[in-house]
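Visitor: Please take a close look at one part of this model. I would like to hear about the salt bridging, and then about what surrounds it.

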Amino acid sequence: MYLENRLQILRVADGLTWIADYNATTVNAVWFALEMLPAPIYLISKHGGPEIDHLLKEKVRIVFDLSQSLNWFDKAPLIVKSLNPRAAARNCFRMRKEGVTVLFSPGAYVTPEEILQFQQGAFYY
């Protein structure tokens, strides 16, 4: 299901599967990743647009928006403006539901070690 050098599982922890999309640089790449992954998804991203609106409605439960735009993710059920990927990841643990896939895409990334620290309660920015 996951593509080598594209969608990589960083960690599975506390009911969340953390996926990094290392090569995503466009809205079309975000579209591809959302198409590939099972719902429900928490999306951590700074790229959005009308190309992914239907996937935001169908698959994404929360968008952790790293962009400066006000309207890129307006079709998502819940939008959480986030200062940086670490703050977004920390909030994923706080808002977690069993079986959710967390997608870092594009321009958003934390290390597997940081995810472990968040899991253990080390919530820092």
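**Salt bridge and surroundings**

Guide: One salt bridge turns up when the whole structure is searched. The term means a side-chain nitrogen of Lys or Arg within 4 Å of a carboxyl oxygen of Asp or Glu. The partners are Asp65 and Lys81, with their closest N and O atoms 3.0 Å apart. Asp65 sits in strand β4 and Lys81 in strand β5 (residues 79-81), so the pair ties together parts that are 16 residues apart in sequence. Side chains of opposite charge can pair when their charged atoms come close.

This is a predicted model: local features need pLDDT of at least 70, side-chain atom pairs count only at pLDDT 80 or more, and totals for chains, interfaces and linings use all residues. Residues are numbered from 1 along each chain as its sequence is written, and side-chain values use heavy atoms, with hydrogens and water left out.

Strands (E, at least two residues) and helices (H or I, at least four) are DSSP runs, numbered from the N terminus. Buried means under 20% relative accessible area, exposed over 50%, and partly exposed in between (1.4 Å probe, protein chains only). Asp65 is buried, at 2% relative accessible area. Lys81 is partly exposed, at 45%.

Now to helix α3 (residues 85-94). Eight of its 10 residues are buried. Among them are Pro85, Arg90, Asn91 and Phe93. The buried residues of α3 pack against β4 (60-65), and also against β1 (7-13), β2, β3 (41-45), β6 (100-104) and α4 (112-119). Contact here means heavy atoms within 4.5 Å. Asn84 caps the N-terminal end of α3, with a side-chain oxygen 3.1 Å from the backbone nitrogen of Arg86.

Strand β6 is next. Five of its five residues are buried. Val100, Val102 and Phe104 cover one side, with Thr101 and Leu103 on the other. Two strands pair if DSSP finds at least two bridges between them. β6 pairs with β2 in the parallel sense, over five bridges. β3 also runs parallel to β6, joined by four bridges. Thr101 takes part in both pairings: Thr17 is its bridge partner, and Ile41 stands opposite Thr101 too.

Asp21 lies in β2 (residues 16-21). Asp21 is buried, with a relative accessible area of 4%. Beyond neighbours within four places in sequence, Asp21 contacts Arg6, Leu7, Ala29, Ala33, Leu103, Phe104 and Ser105.

How values were computed: A polar contact is a pair of N or O atoms within 3.5 Å; within protein, one must be able to donate a hydrogen and the other to accept it, and residues adjacent in sequence count only if both atoms are side-chain atoms.
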